[in-house]
Structure formats: structure tokens, C-alpha cells
Amino acid sequence: MKLGFVSAILEQSSYEEMIDIAEQLGFQCVEVACWPAGKAERRYAGVSHIDVQRVLDDDKYANHIVEYARKKNIQISSLAYYPNVMDMNQEKAGKAVEHLKTVIRASARLDVNMVTTFIGRNQLKTVEENLKMVKEIWTPILKLAEENKVRVAIENCPMLFGKDQWPGGQNLMTSPVIWKKIFEILDSEYLGINFDPSHFTWQMMDYIQPIYEFKDKIFHIHYKDIKIHKDKLRQCGTMAYPLEYMSPKLPGLGDVNWGKYVSALTDIGYDGYTCIEVEDKAFEGSQEKIIDSLRLSKKYIEQYVV
């Protein structure tokens with residue numbers, strides 16, 4: 001397995017600076033944030049370390065992206081863009097779809113051949129209604145991915161944290177039950193999972209068995225931990241906004257059993273990209289703290305991943 005991190009945490013750094021940090025800290029890969037330019041709508045979104053439209057328009061720039069990473073011995077695990085392509089605002093959803101298509105084309109141009117993203121969700125519609133939307137919206141996206149030989153890995157984050165995402169969340173692909181349904185609707189070898197066990201942890205779900213059940217669909221791995229505040233959970237219950245009873249943490253500082261998790265990945269022979277995702281508020285506020293978060297996370301995960 002190759003160990004890296006999600007570049008969004010280094011939003012103040014240029015592409016070159018971000019790659020330099022990856023090299024200096026001894027990482028092997030990075031999942032590179034590729035949002036369109038503009039103001040971020042939420043934490044860790046809106047970061048763009050690669051201008052994907054420029055990749056398609058400017059061969060010199062595209063070659064620089066590839067060569068700079070190669071020179072530093074850093075692999076790009078995927079191009080990352082996590083919007084809601086099924087947003088209830090159709091104009092917003094349409095723009096997200098078009099940028100996602102550009103990310104797919106750029107991933108092929110850079111010979112990365114992987115895009116990490118969300119399936120999306122209209123948070124005011126039922127699961128059944130959203131499944132119908134999945135086929136309509138995602139069929140042409142996957143056709144483009146197949147034509148470009150780019151694998152699309154969907155993260156299992158519900159995108160349900162506070163009142164802005166209530167009631168349904170903004171990403172439908174949150175459980176093995178729904179994974180099965182979506183893989184039946186979108187029967188493509190280019191569609192898979194970017195598996196993050198932390199999201200199953202706060203949903204009180206098993207994050208080990210799905211590794212075996214969906215071993216052929218796991219394209220990419222995230223390392224992020226979650227701390228369940230049991231005293232708060234006893235007071236508010238699971239129907240509350242999730243951030244009322246849980247907090248994202250660095251790997252090893254929450255409730256995920258990383259030994260069992262990585263053990264299962266080795267059982268299925270997974271040897272792909274694994275990336276630390278930092279969303280721990282205790283390590284925000286300065287570049288020094290951010291670098292510390294990456295260094296500490298790497299030190300912890302290297303117990304299991306060489």
C-alpha cells in the first residue's frame with residue numbers, strides 16, 4: 001500500500017509547495033484537490049492545487065504537473081473533487097457535473113486515471129427518488145469516465161453534519177445496502193469506493209465486513225478517525241446533528257480500530273493508494289500545526305502500512 005494525504009489541508013500552499021511538503025515528510029502519494037476557483041462553501045472544499053481546465057488547454061502546464069511530482073518521487077493517487085452533483089439547486093448541480101467531467105478528462109491527460117468524489121444527493125428527496133436521479137445524472141458521467149479509462153471512487157461520507165445538510169445529507173452512497181443498489185443501477189467496472197471507516201464509526205456500523213464483501217470495488221482508501229462523545233450522545237441521540245456527538249480526529253486519536261482495518265485490507269490483497277485526511281480542529285490555525293498533523297498521522301499509520 002502507498003501512503004499519502006489529501007492535499008486540501010494545505011490550502012495556502014501552491015501545487016509545488018504541497019508536493020515539496022509531501023516529499024519532505026516522506027509520503028509516497030497525494031490525493032490532489034481540484035475544485036474550481038472561487039470561495040469555498042464548506043471547510044476543506046474549494047481548494048485547487050491543480051487547475052484542471054488549464055491541464056486540458058496548456059500542454060506545458062500539464063507536463064509540468066506530471067514532471068514536478070515525478071522529480072520529487074511523489075505519485076498522484078487521484079484528482080479530488082467532492083461536490084453535490086444532485087443538489088436540489090439545478091444550476092448548482094449542473095455546474096458541478098460539468099466541472100467533474102473536466103476533472104475526469106484532466107485525470108486521463110495526466111495519466112492519473114482516478115477521480116475521488118461523491119455520488120451526491122437531493123437532501124429533500126427520499127432514497128428511492130434519489131436512486132432514480134443517480135441513473136439519470138451518473139450514466140453520462142460514467143460513460144465519459146469509461147471512454148477515458150478513468151476510475152471513479154465514491155467516498156462513503158453522508159455529508160450530514162449540521163443544519164445545512166439536514167435532513168438527508170448530500171451524499172447518497174453511505175452504506176453497503178445503498179452501495180449494492182447503486183452498483184446494480186450503474187453497472188461499470190470504472191465505478192468503485194473511496195472507503196473511509198470513520199463515517200461508518202459515527203453511524204454505528206461495521207467497517208470491517210464491507211472490505212471483504214466489496215473487495216473488488218475498493219479503489220482508494222482514506223485514513224481519518226472519529227471520536228464519539230458518548231456523554232453527548234446519551235443526551236442528544238443519533239437523530240441529532242452528528243457534530244453534536246462526534247468529532248473528526250487524526251488517525252489513532254479516535255475510535256477506529258486501525259489494526260483491524262488495515263489487517264482486513266491486507267487480507268483482500270489491497271495494494272493501492274491510502275491517504276490521510278486531516279479534519280481535526282485541534283490541528284488548525286497555523287501551518288506548523290497542519291504540518292504536525294501530517295507528521296503525527298504518518299507516524300501512527302506507519303505501524304500498519306510500510
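Q: Is Met-159 buried, partly exposed or exposed, and how do I read that from a percentage?

A: A residue counts as buried when its relative accessible area is under 20%. In this predicted model, Met-159 counts as buried because its relative accessibility is 5%. The residue sits in the loop between β5 and α6, and its phi is positive, about 50 degrees, although Met-159 is not a glycine.

Q: What kind of peptide bond joins Trp-166 and Pro-167, and what is its omega?

A: The angle to read here is omega, which is about 15 degrees for the bond between Trp-166 and Pro-167, and this peptide bond is cis. Pro-167 has its place in the loop between β5 (151-155) and α6.

Q: How should I read a helix such as α6, and which of its residues are buried?

A: One way is to list the buried residues and then to ask where they point around the helix axis. In α6, which runs over residues 176-185, the buried ones are Pro-176, Ile-178, Trp-179, Ile-182 and Phe-183. They lie on the same side of α6 because they cover an arc of only 155 degrees around the axis. Val-177 and Glu-184, on the other side of α6, are exposed. The cover over the buried residues of α6 includes α5 (127-148), β6 (191-195), α7 (197-202) and α8 (209-213).

Q: What does Met-205 touch, leaving aside residues up to four places away in sequence?

A: Positions that are separated along the chain can still be in contact in the fold, and here Met-205 touches Thr-174, Ser-175, Pro-176 and Phe-200. Met-205 and Ser-175 are 30 residues apart along the chain, while their C-alpha atoms are separated by 8.5 Å. Met-205 is placed in the loop between α7 and α8, and it counts as partly exposed because its relative accessibility is 25%.

Q: How many residues does helix α3 have, and how far does it reach?

A: Length can be read by comparing the reach of a helix with an expected value. Helix α3 (residues 59-71) has 13 residues and reaches 18 Å from its first C-alpha to its last, which is close to the 18 Å expected at 1.5 Å a residue. Its buried residues are Tyr-61, Ala-62, Ile-65, Tyr-68 and Ala-69. These residues share one side of α3 because they cover an arc of only 135 degrees around the axis. Lys-60, Arg-70 and Lys-71 are exposed on the other side, whereas the buried residues of α3 have a cover that includes α1 (15-25), α2 (52-57), β3 (75-80) and α4 (90-109).

Q: Which residue caps the N-terminal end of α3?

A: To read a cap, look for a side-chain atom beside the backbone at the end of the helix. Asp-58 caps the N-terminal end of α3, with a side-chain oxygen 3.0 Å from the backbone nitrogen of Lys-60. Just after α3, Asn-73 takes a positive phi of about 60 degrees.

How values were computed: Residues numbered from 1 in each chain as written. Predicted model: local features only at pLDDT ≥ 70, side-chain atom pairs only at ≥ 80, totals over all residues. Heavy atoms only, no water. Buried < 20%, exposed > 50% of the residue type's maximum accessible area, 1.4 Å probe, protein only. Helix = DSSP H or I, 4+ residues; strand = E, 2+ residues; numbered from the N terminus. Arc of directions from axis to C-beta. Contact = heavy atoms within 4.5 Å. Expected span 1.5 Å × (residues − 1). Polar contact = N/O pair within 3.5 Å; in protein donor to acceptor, adjacent residues only side chain to side chain.
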